[in-house]
Amino acid sequence: MLLATSRHKPVFLLDFLAPSLLYRAAHRSSPHQLHKRTPPSSPQRSAEPHDTFKKPRNFAPSLRGLEPAQVDTFKEAQTRLASACEKNDAYAVAIALKEFDGWRTIHLLPPAQIDVSLQLFLSALSAGKLKSSDEEWFTRFALRAATSSSSSFEALSALMLLRLQQKNLTAVIELYEKFMESLRSKEIWDSDQGQEEKDHEDFNLKANSLVSDEHMDLRVETGRMSLLLAVTAAHAMREDFQAALETCLKTAIRFHGPSLESFLATNFGQDEAFAVKLKRFVARLDIARLVARPSSLSRHIINLASASSIKPLDGLYKSIVNGLLGPDAYIAADPSMKTSKKTVALTDIVWLSFVSAFLKRRRRDLASKIWTDQTTLGITPGVAFWTTLIDAYGSMNELDDAIAAWNMMKAEHIQPDALTYRALISAFFKGRKSTEAMKIFQAFQKQPPKDVSEAHLLSIYNTTIDGLLSFNQEDAVKTLLLEMEKRGPKPDIVTYNTVLAYYGRRENIKGLARLVGRMAELKVVGDVYTFSTLLSALLKSGRDDAPDLLIDIMRKQGVQPNVATYSAIIGHQMRSPTVQRLKVVMRLLQRMEEDATALPNVKTYTAILAGLSRIEGADTAQIDEWWREIIERMKRHHVEPNQATYHFLIDACLKRESQDGLNDALQYYREMQKRGLMINTSWYLMLLGLLRRGSLGVAEEVIEDMLATGHRPTITVERLVAEITRRRER
C-alpha cells in the first residue's frame with residue numbers, strides 16, 4: 001500500500017540505548033538557511049556579524065511524497081502504535097512496528113515514538129514475553145538497519161548487549177558474524193573514506209596542516225565501536241583471545257579509550273573484576289593488531305620518534321615486549337616462530353624501526369636493550385640491524401659510533417652488504433672525513449658483495465657523488481660520472497638531479513646547461529625535480545625569461561609540456577612559495593590557459609591556492625587579491641573545485657577575521673552541500689574553523705545541517721560538537 005515511499009532511505013533512531021548527537025538533532029528544526037555569500041564583484045556586504053541561532057523545536061519527518069490515501073493509512077497505523085505504547089502492549093507494538101517495517105516507512109515516524117516503541121519491544125523481548133517470530137523479525141530488522149545506507153547500529157547493539165547480559169555468548173558472536181557477512185567485506189565508511197584518500201592523493205591535506213593528526217588517524221565510528229566492544233566482551237568471557245584477535249583483524253575500527261570506559265560504566269559498572277579483565281584484553285588486542293600490520297606499525301614508530309616525549313615510544317616498546325616475554329605471551333619474535341597461541345609476529349622492519357627511533361631520540365640505552373631482548377628471544381641480529389645502526393649514527397653525526405658498529409659487525413663475522421657500505425660512506429662524509437669515505441668507496445669497488453642489485457649499487461655511487469659535492473669536489477664528480485657512463489652503473493635521474501641541484505645552489509648556469517646537454521645526448525629525460533631545479537636556478541640568476549627557457553629545455557629533451565608536467569612543476573614551486581615564485585607560477589599558468597593541449601585542471605589551481613597563505617613577504621590584502629584571481633580563473637575556464645579545493649578555500653576563509661571571510665566560507669560550504677561533496681573531513685574543517693573564530697551560532701546551524709543529512713560523525717567531530725554546545729550554554 002505504501003510502496004511509493006520505498007524510494008526514501010530509512011533512518012533508524014534508537015538513541016535510548018546509545019545516546020548520541022542524532023537524538024538531539026531529531027528534536028531540532030529543519031536545517032536553517034545560512035547567509036548566502038555576496039559575489040566578490042558585489043560592492044556591498046552585510047556588516048552585521050553572522051552569528052544567528054534559532055531555538056530548537058520538535059521535528060517530525062515529512063510525509064511528502066505519499067498519496068492522500070497513503071497518508072491516512074500511515075496516520076491510522078501511527079495512532080494504533082501510540083495506543084499500544086500507552087497500554088504497554090508489547091504484542092500490539094510488535095505488530096505495528098512490523099507493519100511499518102513492511103511498508104519501509106519506520107523512518108517517517110517521529111524519533112521519540114520510535115524510541116518509546118522499541119524500548120517497550122526490547123523490554124518484552126528481554127522478559128521472554130514475545131513470540132519467537134517477533135524475536136526473529138527484530139534480529140532481521142537490527143541487522144538490516146546496521147547495514148543499510150543510514151548505518152544505524154543502535155538496534156543491533158541493544159540486541160547484542162541483551163544477549164551478553166543473558167550470558168548467551170554464542171548468540172552475541174553469531175550476531176556480529178552475520179553483521180560482518182552482511183557487509184560483504186566492505187567497511188561502512190568505504191565511500192567516505194575512499195573519497196577522502198582520493199582527495200589526499202590530489203593534494204595532501206595533512207601535509208599542509210589543514211587537518212590534525214588525530215582527526216586523520218582516528219578511524220572510529222561510535223555505532224561500530226559498540227558492536228566491536230560487545231563481541232570482544234563475549235570473547236573475553238570465553239577467555240578466547242585468539243578468536244577476539246581474528247575478529248579485530250577483520251575490521252579497520254580501532255578501540256577508543258573513552259568509548260571503552262563508557263561501555264564498561266554502562267554495562268559492567270558493578271563488575272569491577274570483569275572491567276579490569278576487558279581492559280587488559282583490549283589493550284593486548286590493540287598491540288596485536290598493530291603488530292599484524294608491520295608497515296603501519298613502522299610508520300607509527302617513526303612518528304613517535306618525533307613526539308615531544310619519549311614516553312609513548314618507550315611505552316609501546318614495553319607493551320610489545322610484554323606480549324613477547326610476559327605471561328600468556330601472544331606475539332612471536334619472528335614470523336618463523338609463530339604458533340597457535342602466537343599468531344602475530346614482529347618483522348625486521350619493526351625491530352629496525354625501534355632501533356632507529358630510539359637512536360634518533362639519542363637513547364642508546366633503549367636501543368641496546370633491543371639487542372638484549374633479541375638475544376633473549378633467540379634472534380641473532382643480521383646485517384640489516386647493523387646497517388640501521390650505522391645509518392642512525394651517521395645521521396646524528398656520531399662518526400665514532402658508526403665506525404664502532406661497523407667493527408663490531410665484522411667481529412661478529414657478519415658480512416656487510418651494499419647498503420651497509422652506503423651507510424658508512426655517508427657517515428664519513430657527514431663527519432667531514434672525505435678521504436676516509438673515498439677509501440671505503442674504493443674498497444667496495446674492488447671487492448663488492450655478491451649479487452648486488454643495480455638499485456643498491458647506484459645508491460652507493462649517488463651517495464658518494466653527493467658527499468663529494470658537499471666538499472665542492474666537482475672534478476672528482478666529473479671523473480666519477482664519466483666512469484659510470486663507460487663502465488657502469490649507468491647514472492640515473494637521481495644522479496643527474498644531485499649534480500643539477502649543486503649547480504643550482506651555486507648559480508652555475510653554464511654547469512647546468514652543460515649537464516642538461518649531456519643528459520640529452522644520453523637520452524636521459526628529466527623529471528619534475530629536474531625541471532623545478534632548473535627553474536629555481538634560472539630564477540636565482542635573475543632570468544626574467546626563466547619559464548620560457550625551461551619550456552625550451554623540456555622540448556629539447558623531447559618532453560612535450562602537458563597539464564601533468566606543468567601542474568607538477570607548479571606544485572613543486574608552491575611548496576616553499578615566495579612572491580617571485582608566484583609570479584613565475586602565474587606565467588606558467590597563463591601559458592597553460594593559452595594552450596589547448598595543456599589546459600590547467602583542478603589539481604593545478606588547488607596547488608596554487610594551497611600555497612598562497614604561506615607566501616613570505618605578502619600582506620593579507622595582497623593574498624586575498626591573488627586568491628580571488630585564481631577563483632575567477634577557475635570560473636572562467638569552467639573548472640569546478642573538488643573536495644580538496646573546497647577544504648583549502650573554507651579553511652583559509654575561516655582564518656580571515658573579517659565578516660567577508662565567514663561569508664565566503666559559508667558560500668563554499670553551501671556549494672559543497674549542493675554538489676553532495678561533504679564528507680567527515682569537510683564537517684570537521686567547517687566546525688573547527690567556526691569554533692576557532694567564535695562563530696558558535698553558525699556552528700550550531702552547521703551541526704543541524706550535518707545531522708539532518710543522516711551523516712554519522714566520527715568521535716573527533718562529536719568532540720567538536722560537544723565543545724561548541726558547551727560554549728553556547730555558558
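## Exercises on a helical chain

Among contacts (heavy atoms within 4.5 Å) in the chain between residues at least 6 apart in sequence, 70% join residues at least 24 apart. The model is predicted: local features need pLDDT of at least 70, side-chain atom pairs count only at pLDDT 80 or more, and totals for chains, interfaces and linings use all residues. Residues are numbered from 1 along each chain as its sequence is written, and side-chain values use heavy atoms, leaving out hydrogens and water.

**Exercise 1.** State how many helices and strands the chain has.

*Solution.* Helices (H or I, at least four residues) and strands (E, at least two) are DSSP runs, numbered from the N terminus. The chain has 36 helices and 2 strands.

**Exercise 2.** Describe the packing of α3 and α5.

*Solution.* Start with the geometry. Axes are lines fitted to C-alpha atoms, for helices over the stretch in contact; angles run from 0 to 180 degrees between N-to-C directions. Helix α3 covers residues 90-103 and helix α5 residues 132-147; they pack at about 40°, with axes 11 Å apart.

Next, classify. Angles under 35 degrees count as roughly parallel, over 145 as roughly antiparallel, 65 to 115 as roughly perpendicular and the rest as oblique. α3 and α5 are therefore oblique to each other. Their crossing is left-handed (the near helix is turned anticlockwise from the far one by less than a right angle; clockwise is right-handed).

Then list the residues. From α3 come Y91, A94, L97, K98 and D101; they meet D134, W137, F141 and R144 of α5. By class, this contact has 5 nonpolar, no polar and 4 charged residues.

**Exercise 3.** Do the analysis for α11 and α13.

*Solution.* Helix α11 (residues 241-249) and helix α13 (residues 272-291) have axes that come within 10 Å and cross at roughly 55°. That makes α11 oblique to α13. The crossing is right-handed. F241, A244, L245, C248 and L249 of α11 contact F281, R284, L285, A288 and R289 of α13. These residues divide into 8 nonpolar, no polar and 2 charged.

**Exercise 4.** Find the burial of the chain and the exposure of S262.

*Solution.* Buried means under 20% relative accessible area, exposed over 50%, partly exposed in between (1.4 Å probe, protein chains only). Buried residues make up 51% of the 730 residues. S262 lies in helix α12 (residues 257-267). Its relative accessible area is 42%, so S262 is partly exposed. S262 and S226 are 36 residues apart in sequence and 9.9 Å apart in space, C-alpha to C-alpha.

Notes:
Ala, Val, Leu, Ile, Met, Phe, Trp, Tyr, Cys and Pro count as nonpolar, Asp, Glu, Lys and Arg as charged, and the others, Gly among them, as polar.
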